[in-house]
Amino acid sequence: MSTYVLQKEDVAPLIEGLAILGTGGGGSPRWGQAILEKELAEGREIRIIEPQDVPDDALIVSGGIMGSVKTLEEMSIEKLLQKWDQRFELVEAARVMESFLGRKIDYFIPFEVGGLNTPVVMAAAARMGLQTVDGDALGRSAPETHMTSFLGHGVSLTPMPLVDACGNAIVVAEQVNPVFADEIGRWMITRGGGMGANNHYPMSGAVLKRAAVPNTVSLALLIGRKLMAAREKGEDPVAAVAATVKALPLFKGEISAIEGEDKGGFYITNVALSGMDEFSGREARMVIKNETMALWIDGVLRAVFPDLVCMLDPQSGAGIMSVDLVKGKKLCLLGMPCHPRLREGLQNPAVAEAFGGGRYGHPEITYVPLEELNA
């Protein structure tokens, strides 16, 4: 059985890679780094296992923090970590899941790759003495709990225990509409301290092997290492990232207009960019729902969720969070096709609706692969 134990020197590159794959969301990388550093400093082991090495009869769950990026950014990481020493909602939600199912959890898998939301799952696993699967449900971050490869491969989101910051706990046992449980969670946390945690997508190891997007934690670590090496050598860090993941350079520009609002537990932003360098004289527009959802260049659609539009700083190559977007900020946009398992899932009409443009204010948009939009 192949297991990798995360080392102190892995934290910085892992966070760099997670921030890039997070496509603007996935939580604060600064927070994620503080969480991992605390776990390692206190002697807990963060063990990462290959998906193919998970026993077929094992019980795997996902989960994470629920709350808008804005809400989290307004809090203190130091205060939150102190609070978690007394009461860690993510572990509490996992215990509720174990009680509901009548058996112990064997492994955690991140819901998404992101600067905070991957480390927080690793921390919960470490505190429960469990391993984290090297993979996730997206290969990126996404704003809603039903937006996963799991859903597309027949894994039920429910039962989904929910625990809020005030101590309330409920279990969504079943759902008919694929967005119901997520909407219940958003309703709950907006009335329960602005944040909370959930546990969801219970599955066997056999199902995991066909439903998860594999090896995304190790991919994030590789991206971070390549990025940091390019900086040290004085090479172009954006080019290093693009080469590592075979990304398509979509646009480089400066934000000319931005408007956003925190609404229903999400931070929704419309961004306009004026082109720079080889994109001089051109314009781009993005819609962001915590993460990048769609991109137009010169009025033509060029990328649609769940394909990735990664926002990088042109100088450092660092992933940029959606809450840090301001007028005048310069961005490099890299496009990456999502994993085939997501595209397979989109063939299901219910999954296509759960991922669809109507979820971010553009019901006229249907998914078209990145390669076709940029042929």
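Two strands pair if DSSP finds at least two bridges between them; helices (H or I, at least four residues) and strands (E, at least two) are DSSP runs, numbered from the N terminus. The model is predicted, so that local features need pLDDT of at least 70 and side-chain atom pairs count only at pLDDT 80 or more, while totals for chains, interfaces and linings use all residues. Residues are numbered from 1 along each chain as its sequence is written, and side-chain values use heavy atoms, with hydrogens and water left out.

**Exercise 1.** Determine in which sense β14 and β15 pair, and over how many bridges.

Solution. 
- Step 1. Strand β14 covers residues 291–297, and its pairing with β15 is antiparallel, over 4 bridges.
- Step 2. For I297, the bridge partner in β15 is V300.
- Step 3. The two strands form a hairpin with 2 residues between them, and D298 in the turn has a positive phi of about 50 degrees.

**Exercise 2.** Identify the residue that forms a salt bridge with R343, and locate both partners.

Solution. 
- Step 1. A salt bridge is a side-chain nitrogen of Lys or Arg within 4 Å of a carboxyl oxygen of Asp or Glu.
- Step 2. The partner of R343 is D307, with the closest N and O atoms 3.1 Å apart.
- Step 3. R343 belongs to helix α12 (residues 340–345) and D307 to the loop between β15 (300–304) and β16 (308–312), so the pair ties together parts 36 residues apart in sequence.
- Step 4. D307 has a relative accessible area of 1% and is buried, where buried means under 20% relative accessible area, exposed over 50%, and partly exposed in between (1.4 Å probe, protein chains only).

**Exercise 3.** State which parts of the chain the salt bridge between D10 and R225 links, and whether each residue is buried or partly exposed.

Solution. 
- Step 1. The side chains of D10 and R225 meet at 3.0 Å, N to O.
- Step 2. D10 lies in the loop between β1 (3–5) and α1 (11–21), whereas R225 lies in helix α10 (residues 216–233); the two are 215 residues apart.
- Step 3. D10 is buried at 3% relative accessible area, while R225 is partly exposed at 41%.

**Exercise 4.** Find how many salt bridges the whole structure holds, and which residues are linked in a network.

Solution. 
- Step 1. A search of the whole structure gives 24 salt bridges.
- Step 2. The network of salt bridges links K38, E39, E42, R44, D85 and R127.
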